[in-house]
Amino acid sequence: GPSPSMVGIAGAAAAREDFRPSLQDGLDECEVPKLAISVFFAFNGVNLADVKLRSDATVRELGSTVAKAALRSRKAAFPAAPRLMLLGEDLSHSKTLAEAGIVDGTELLADMYPTVVTASMDAVARIWNAESGECEKLLEGHKGALQSASFSPDAKLVATASDDKTAKLWSSVSGECWGTLRGHRDSVNSCSFNPDGKWVVTASNDALGKVWSSKTGRCLSTLEGHEQPVFNAVFTPDGGTVVTNSQEGTAKLWEPKTGVLLRTVHDTPVNMYPASFAPDGTTYVIAPGDKTAQVCNMESGRCQLVLRGHADTVVAVSYAPAGCALIYPSASSPRNPGRSRSPSPDNSVCYLGTSWSRESRAASSSPPVSPCAPGSPSATSAAAFMQSQAA
């Protein structure tokens, strides 16, 4: 028979033969070109990211890369993979960069898809692309049924409230849990942000409301005065007051920083499954009381998209703010000519409505009108919707 040394040589030769195809595959893989791509925010012209990706990467991979880079540089928040546009045309997420016509040096515009977060009794929150109906992220970690979910004003965070006696804050971009708010002694029914996103208010079956720092998770004040479970707690639009609704049929107004009770209002209705309106005013989303959420047309009231995927009843729905820029370019930005706007106090600017093309940005000296502004089509249609529901 062959000597051991010959067996060893033959084995090594065979190993080299087996290795050659893998080495060739690696060389072929290295030959796939990488494309330099610049992506700009359609709302304000900010350069979100300059990236290099292989030409066989998908548009969705590019979108995810841009979303993470934009959040990391504190330029914008995209809860769902952004809409990417080349020469005014939307790019399909399923196509490769080569198939989408992207070449080295291509410049793209990024825009936010309408995005919804839902909370379900299955203990999971989901973030959805409300245009395609695709579930983008699962927010998993609670140990009890969820009661609410809402976005922060800049769309960077999602707050969820649960029967497990906690609320949680999540990154809307990565889906990671950023912190847990502990301190209630019973189910937490709602959790919402103040206008600048720095504070969160919760309402609980323990008859308390609590105000928290969204940065540290520390409880800043406790709102004590209700005698029965508190179903809902929200900040007023100016952020200076918290309004709570209780099972006892009263609403109370509080100073959020100190927890001082300002006054009590009696005989207030409680809405179990409130609707949420799209920033552009064309649709609203509702929880009909089953395992789905429904995106409905504002004018006709007809359901145009059903969001399916939860394993139990959906109890809360909320649209993300549109076009949330975390920083704003200077008026002299070459991609933002003729602009002179002061940033908000927290250095974030949220433009609501139709996004700008580069051509329209160059021709205009003011941002799109907020659909929430008095007299805007969205405000008018929303008011009409609420009146019809009351009737």
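## Exercises on a predicted model

**Exercise 1.** In this predicted model, which residues have the most contacts inside the largest nonpolar core, and which elements give two or more residues to this core?

Solution. 
- Step 1. The largest nonpolar core holds 42 residues, and I37, L48, L62, F78, L97 and I102 have the most contacts inside it.
- Step 2. Two or more residues come from each of β1 (34-41), β2 (47-54), α2 (59-72), β3 (83-86), β5 (106-111), β6 (115-120), β7 (124-129) and β9 (146-151).
- Step 3. Helix α2 supplies the largest share, 7 residues.
- Step 4. Leaving out residues up to four places away in sequence, L97 touches L35, I37, L53, R54, S55, A57, T58, V59, L62 and I102.
- Step 5. Another core lies apart from the largest one; it has 13 residues, including W128, A278, V295 and L307.

**Exercise 2.** What is the strand order of the open sheet of 4 strands, and which are its edge strands?

Solution. 
- Step 1. The order is β17-β18-β19-β20, and the pairing is antiparallel.
- Step 2. β17 (230-235) and β20 (260-266) each pair on one side only, as the edge strands.
- Step 3. On average, neighbouring strands of this sheet are turned by 20° against each other, direction ignored.
- Step 4. Strand β19 (residues 250-255) is joined to β20 by 6 bridges, and T250 has H266 in β20 as its bridge partner.

**Exercise 3.** Where does the pLDDT fall below 50, and how many contacts does the model have there?

Solution. 
- Step 1. The protein chain has an average pLDDT of 79, with 73% of the residues scoring at least 70.
- Step 2. Residues 4-24 stay under 50, with 1 contact beyond four places in sequence.
- Step 3. Residues 330-391 are also below 50, but this stretch has 103 contacts beyond near neighbours in sequence.

Terms used:
Residues are numbered from 1 along each chain as its sequence is written. This is a predicted model: local features need pLDDT of at least 70, side-chain atom pairs count only at pLDDT 80 or more; totals for chains, interfaces and linings use all residues. Side-chain values use heavy atoms; hydrogens and water are left out. pLDDT is the predictor's confidence in each residue, from 0 to 100. Contact means heavy atoms within 4.5 Å. Two strands pair if DSSP finds at least two bridges between them. Axes are lines fitted to C-alpha atoms, for helices over the stretch in contact, and angles run from 0 to 180 degrees between N-to-C directions. A nonpolar core is a set of buried Ala, Val, Leu, Ile, Met, Phe, Trp, Tyr and Cys residues joined through side-chain atoms within 4.5 Å. Buried means under 20% relative accessible area, exposed over 50%, partly exposed in between (1.4 Å probe, protein chains only).
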